[in-house]
Amino acid sequence: MVYFLLLSVVTIFCVGVIAFQSAKASIQQLVFDRLEVTATLKEEALNLWVENQKNATVSLAQLPDIKTATAILLTANLPSPQWQEAYHQIKQFMASALAAKPDFKEVQLLTADGGKIIFSTDSRSEGQSRWQEQYFKQGLKNTFVQNVYFSSATHHPTLTISTPIIGDNQNKLAVLVAHFNLKRMEEIVFDQIGLGKTGATYLVDRYQNVVTEGRNHLPTQVDSPGIKAALRGQDGRKIYLNYAGIPVIGVYRWLEQRELALLVEMHLSQADAPAHRLAWIILSVGLTSAVILALGVYLLARQITRPILAITHTATQVSDGDLTLVAPVTTDDEIGQLAIAFNRMTRQLRRLYAGLEEKVVLLQQKEAQLRDSFIQLKKEKQTVEAQKTQLTQAYEEITLLNQRLQTENLDLMAELQVQNQRLYQLLEAIPLGVVVINSAGKLYYTNQVVKELLGTEVFFSDPPLNLYIYSNSKSDPPKLYPLENLPLFKALHQGIGSVDQLEVQYLDRMIPLQTWGTPIYDELGQIAYAIGVFQDITERRRAEEERQRFIEEMFEINCSLELALDEEEQLTDAAGRFVPNQFLSFLGYESLVDVRSGDAVQKEMSILFSDIRSFTQMSERMTPEDNFKFINAYLSRMEPAITENEGFIDKYIGDAIMALFGGSADDAVKAGISMLQRLSEYNLTRQRPERSPISIGIGINTGDLMLGIVGGKHRMDSTVISDAVNLAARLEELSKRYQIPLLISEHTFLRLEDPNIYSFRVIDKVRVKGKSEMVSVFEVFDADPPVLYRKKAATKTLFEQALILYHLEAFPESAECFEACLRENPSDQVAKIYLDRVLQSLSI
């Protein structure tokens, strides 16, 4: 049977080897074709990505706003407002561009003469010179792509695209330089889709450096036959050892446009794995068949030899001592008779073994009894020895305790003497009189202050001291005070006590005193002593009398002042309803009486304009009386929102409000949000047909204005004059067009302490009347209903990206983004307006 199995295994092995070699060659050809397709796709994706970034950089440099602001940066003086305004405009626009284009890493503006960086999204680079860089030299001529190189500024692989900024006179103002993140390039290159677990794709430059920015598992420099062939400009495929010494199937190409070598590799072990699996399947099936055949032969032979093996097995176990077994009798032949004789012999052996076991049990019982007696004696001996040891230890501990107690008693006596001495020194040092008596009322101790104040025997003199109780009124005579009522003596029976108004007659003089009494208890809780403290309050009593006289005089003066102040406050409050007190304080006046026509001051402030939507149609349906009631109800709810945020109302213009904020721009924005929130609460009460809900529009701008008094001799009024005021009114009108409740200008936005605490998005750019500059407008939607707020927040990035594409005149892409916004938020009126503009532009 062994020879049969050996012949089967050899035949199966030969068949598996032939199948493996054939499958291996076919699979390697398929892997080469797959790697070729992957290399082609990645090369096209890389070229497309670089071309897109090049187009985006050129579009950015051709924007009119960028050109205008760049010209101002090059011509205006650094600290001038015009220069700062241009700088902030470029900064804001670049921030939007970086948010829309995450592949941008840093955008710089370099002067045409000298290559100095006058603006950078990374402010740390500003002021540096790049005149030696290739991207600056070539970027002056035309758009230039500097392929991946190791940047000396960032110490990382970088791709840079530069292009000139052409002025209105076709002169070259500057060079716009864009440094790009290589993360998208890495995503394209290192994507392993279709390459399996061991597949790898990577780029290598002319110096055999792997082009990567964040993959630390790759070595810095690599070398392999595929890399060398690609760097020589060859395209091909073959099997070789990669940079890690692992056999791979590889495809390599030289990307001429990118000046990089592209390698797509797969471990040879993974490529040959299907062929290995096929060979193992053939071997497994063949070996399984051989094993099944051998098993059949084995079962037939076992059926013949089973009775003999059973008797042999039983005899072996009986010889090992198991006499309970019985040999099976399966036939009537000689083997069956042998099994019967064997079973008779085992029965006789079992009877003899049972007798021996009974005798062994009796001997074991006697042995156990003797062992228990010995163990009991041993335990009693150990108990006696342990008791003796404990008595010895207890005697030693008692001796040591007695010695320690004697030492501690001596230390306590010495410490007690020291504490007593310190106590006496303390009592003599304090500036109060101290008297101590024992439980029988006898004098125990007095300090030097008491002796100087009242004499040696104090209250135990003969005749005794006279004590009096006095009052705050000089007309009341002093009353005699019993000696036994002193807190010192009462402390022996009633505990702690004190007297604040006590006089003692001593040596023909009256001494005012304040005294306290406190008991001192012994270790049994019984009163052993009483201590009394006395203080001479002559000076305090004199000071109190003077203070009382001063208080009475001041009270009379305050009564007169309060009457005068009440009258002045009434006049001030009445005038403040017409001319705000804040307005007067900005002019440097405290009272309306001091105001003169022509007084004015220039100040940077935030201006808020609000107006009720469709108020004309509403007022036509109401009587004049109802009109006034409605206006007053509305204005009374809006006024607290302004005053609580450090603002004041300059004037009411019918249903419109004009408010000023002299603090930060945040005060004006918070006031606008609060007005909209209060309006929502007010609208809850206007749910009837004759009381429909109302809506308002708010515009906020920040800037310099002239604040002052205008008018003639007999009629004057407060007012503000400035382009900033006109722009705020323009924003309020613009909120109607876009159907937005709250708009702020970029001047207000740039003066916010932290714009990120508000929910905002860029809406449009408007031109100030009589000015050439464009001003960005932002929507603040913190007060929107919760559902609308969440949808605007979710589509903010997509909306602003669509707005940038609109200004770049990329109308098809912009339309797609606006349509996506409306699918997410169908009630976005601004997105609808811009989508209509885009569709109109596409139809032209």
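Q: Which element gives the most to the lining of the largest pocket?
A: In this predicted model, helix H3 gives the most, with 9 residues. H3 covers residues 81-100. Other elements that give two or more residues include H2, strand S23 (760-767) and helix H20 (796-807).

Q: What makes Phe93 a lining residue of the largest pocket?
A: A lining residue has an atom within 4 Å of a point of the pocket. Phe93 is one of the 36 residues that line the largest pocket, so Phe93 has such an atom. Phe93 is also among the closest to the pocket's centre, together with Ser96, Lys765, Ile804 and His807. The volume of this pocket is about 960 Å³.

Q: How do you know that H2 and H3 meet?
A: Contact means heavy atoms within 4.5 Å. Residues of H2, including Ile66, Ala69 and Leu73, meet residues of H3, including Trp83, Ile90 and Phe93, so they have heavy atoms within that cut-off. The residues of this contact divide into 10 nonpolar, 3 polar and 1 charged. The two helices pack at an angle of about 145 degrees, and their axes are 9 Å apart.

Q: Why does Glu186 count as charged in the lining of the largest cavity?
A: Asp, Glu, Lys and Arg count as charged, so Glu186, which lines the largest cavity, falls in that class. That lining divides into 6 nonpolar, 1 polar and 1 charged, and helix H5 (residues 183-190) supplies its largest share, 4 residues. About 50 Å³ of space lies in this cavity.

Note on methods:
Residues numbered from 1 in each chain as written. Predicted model: local features only at pLDDT ≥ 70, side-chain atom pairs only at ≥ 80, totals over all residues. Heavy atoms only, no water. Axes fitted to C-alpha atoms, helices over the stretch in contact; angles between N-to-C directions. 1 Å grid on protein atoms, 1.4 Å probe; cavity = no way out; pocket = protein on both sides within 12 Å on 5 of 7 lines; lining within 4 Å. Points joined across faces, edges and corners; volume = space filled by probe spheres on them.
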